[in-house]
Amino acid sequence: MKKLSNIFSGIFLVLVFIASITFAYFNTEEIGLTFGSFVFSPRPVSVWVVGAFVCGGFIGLILGLGIFRQLKMRAEVRRLGKELEKSQEEVNRLRSLSLKDLQ
């Protein structure tokens, strides 16, 4: 079953590659792109479309890997570690007090 899945994945990737080459071949008209105050030089339509798909793929991979989530979790672990140390210091300080000091 794993081999069949690999074969289908390979065929799908080849079809996507062929489709992108065909798309690039037939869409050679150059257009300029304006994004807010940024003005980009004229490039073929296929460059803009394929570039958008590639950028989206990379962003999806980065978000899918959970890099930002891991960074957030590490910060949370550090914060909780500091809070735990403070609590343990307070418990040790309270244990060292005698009952007379509390009254």
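Biologist: Which residue just after H2 takes a positive phi?

Modeller: Helices here are DSSP runs (H or I, at least four residues), numbered from the N terminus. Just after H2, Gly 66 has a positive phi of about 80 degrees. This is a predicted model, where local features need pLDDT of at least 70, side-chain atom pairs count only at pLDDT 80 or more, and totals for chains, interfaces and linings use all residues. Residues are numbered from 1 along each chain as its sequence is written, and side-chain values use heavy atoms, leaving out hydrogens and water.

Biologist: At what angle do H2 and H3 pack?

Modeller: Axes are lines fitted to C-alpha atoms, for helices over the stretch in contact, with angles from 0 to 180 degrees between N-to-C directions. Helix H2 (residues 45-65) packs against helix H3 (residues 67-96) at about 35 degrees, and their axes are 4 Å apart.

Biologist: Which residues in H2 and H3 meet?

Modeller: Contact means heavy atoms within 4.5 Å. From H2 come Ile 62, Leu 63, Gly 64 and Leu 65, which meet Ile 67, Phe 68, Arg 69 and Gln 70 in H3.

Biologist: How many aromatic pairs does the whole structure hold?

Modeller: Rings of Phe, Tyr and Trp (its six-membered ring) pair if their centres lie within 6.5 Å; planes under 30 degrees apart are stacked, over 60 edge-to-face, the rest tilted. A search finds two aromatic pairs. One of them is Tyr 25 with Phe 26, edge-to-face at 5.1 Å centre to centre, with 80 degrees between the planes.

Biologist: Why does Phe 26 count as exposed?

Modeller: Buried means under 20% relative accessible area, exposed over 50%, partly exposed in between (1.4 Å probe, protein chains only). Phe 26 counts as exposed because its relative accessibility is 62%.

Terms used:
Helix = DSSP H or I, 4+ residues; strand = E, 2+ residues; numbered from the N terminus.
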